[in-house]
Amino acid sequence: MSNILQGDIDGSDRKVGIIVSEFNEAISTNLLSGTLNALNDCNVNEKNIFIVKVPGAFEIPLIALQLAKKKEYDVLICLGAVIRGETGHYDFVASGSALGISKVSLDTGIPVIFGILTTDNLQQAIDRSGGKYGNKGYDCGITAIKMSSINSKFLK
Ligand code: INI
């Protein structure tokens with residue numbers, strides 16, 4: 001049989017940083033609740049969770065980098081919602097945050113989970129933040145613990 005490395009969802013000794021955008025606050029708040037529920041399901045101690053609120057999704061990568069550089073966190077989770085409006089601003093904010101978050105993860109070796117909804121309209125964001133398509137924040141909480149588990153195997 002092949003050797004398989006797979007992440008577990010035991011978060012009892014994990015430290016998690018969360019960066020959440022205040023923009024589209026009702027959506028972000030629901031995403032954050034979903035993430036905290038998932039971390040609770042994974043037995044992450046509340047004392048080991050640090051939350052930073054930033055103005056918009058574009059600001060998330062810098063604060064993710066600052067937290068990653070502290071080397072205190074096993075994993076970071078980025079939450080927010082970028083909703084397409086009438087202008088091209090959406091494209092810059094959505095791609096800026098996605099590329100920035102990916103860069104922080106690859107530059108620092110710390111898993112940084114992308115929990116930013118990018119949708120065409122508000123309803124699609126509602127549907128994915130505790131509505132009919134589930135809660136992306138919850139999924140990101142589970143992904144975070146699995147990724148910190150996998151990543152920890154390469155740190156020894
Ligand atoms: N920020 C978001 O998090 N979501 C959005 O939908 C959004 N839109 O559409 O403009 C948004 N803009 C603000 C941006 O993130 C920055 O805060 C701003 O550009 C200042 O740097």
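Guide: Let us begin with a term: a residue counts as buried when its relative accessible area is under 20%, and as exposed when that value is over 50%. Please note that this is a predicted model.

Visitor: Is serine 21 buried or exposed?

Guide: Serine 21 has a relative accessibility of 2%, so it counts as buried. This residue is found in strand E1.

Visitor: Which residues are in contact with serine 21, leaving aside its neighbours within four places in sequence?

Guide: Its contacts are Ser28, Val54, Pro55, Gly56, Ala57, Ile60, Leu79 and Gly80. With alanine 57 there is also a polar approach: the backbone nitrogen of that residue lies 3.5 Å from a polar atom of the serine 21 side chain.

Visitor: What lies around the ligand?

Guide: The residues surrounding the ligand are Ser21, Phe23, Asn24, Gly56, Ala57, Phe58, Glu59, Ala81, Val82, Ile83, His89 and Val93. For some of them, a side-chain distance can be given. A polar atom in the side chain of serine 21 is 3.3 Å from a ligand oxygen. For asparagine 24, a side-chain N or O atom likewise lies 3.3 Å from an oxygen atom of the ligand, and for histidine 89 the corresponding distance is 3.5 Å. The protein buries 76% of the 460 Å² that the ligand exposes when taken alone.

Visitor: Is phenylalanine 92 buried or exposed?

Guide: Phenylalanine 92 has 62% relative accessibility and therefore counts as exposed. This residue lies in helix H3, which spans residues 89–108. Its C-alpha atom is separated by 15 Å from that of glycine 80, twelve residues away along the chain.

Visitor: How should I read a nonpolar core?

Guide: In soluble globular proteins, nonpolar side chains tend to be buried together. In this model, the largest nonpolar core has 22 residues, and those with the most contacts inside it are Val16, Ile18, Leu39, Val44, Ile77 and Leu79. Two or more residues each come from strand E1 (16–21), helix H1 (25–41), strand E3 (75–83), strand E4 (112–119) and helix H5 (136–152). Helix H1 gives the largest share, five residues.

Visitor: Which residues does leucine 39 touch, not counting those up to four places away in sequence?

Guide: Leucine 39 touches Val16, Ile18, Val44, Ile49, Ile77, Gly141 and Ile145. There is also a second, separate core of 20 residues, which includes Val54, Ala94, Val104 and Ile116.

Visitor: How many salt bridges does a search of the whole structure find?

Guide: The search finds five salt bridges. One of them joins lysine 15 to glutamate 72, with the closest N and O atoms 3.9 Å apart. This pair links distant parts of the chain, 57 residues apart: lysine 15 is in the segment before E1, and glutamate 72 is in the loop between helix H2 (60–70) and E3. Lysine 15 is partly exposed, at 29% relative accessible area, and glutamate 72 is partly exposed at 37%.

Visitor: With which residue does aspartate 91 form a salt bridge?

Guide: Aspartate 91 pairs with arginine 84, the closest N and O atoms being 3.6 Å apart. Arginine 84 also forms a salt bridge with aspartate 120, at 3.3 Å between the closest N and O atoms. Arginine 84 lies in the loop between E3 and H3, and aspartate 120 in the loop between E4 and helix H4 (122–127), so the pair ties together parts 36 residues apart in sequence. Through shared partners, salt bridges join Arg84, Asp91 and Asp120 into one network.

Notes:
Residues numbered from 1 in each chain as written. Predicted model: local features only at pLDDT ≥ 70, side-chain atom pairs only at ≥ 80, totals over all residues. Heavy atoms only, no water. Core = buried A, V, L, I, M, F, W, Y, C linked by side-chain atoms within 4.5 Å. Buried < 20%, exposed > 50% of the residue type's maximum accessible area, 1.4 Å probe, protein only. Helix = DSSP H or I, 4+ residues; strand = E, 2+ residues; numbered from the N terminus. Contact = heavy atoms within 4.5 Å. Near = heavy atom within 4 Å. Polar contact = N/O pair within 3.5 Å; in protein donor to acceptor, adjacent residues only side chain to side chain. Areas by Shrake-Rupley, 256 points an atom, 1.4 Å probe, with all protein chains shown as cover. Salt bridge = Lys/Arg side-chain N within 4 Å of Asp/Glu carboxyl O.
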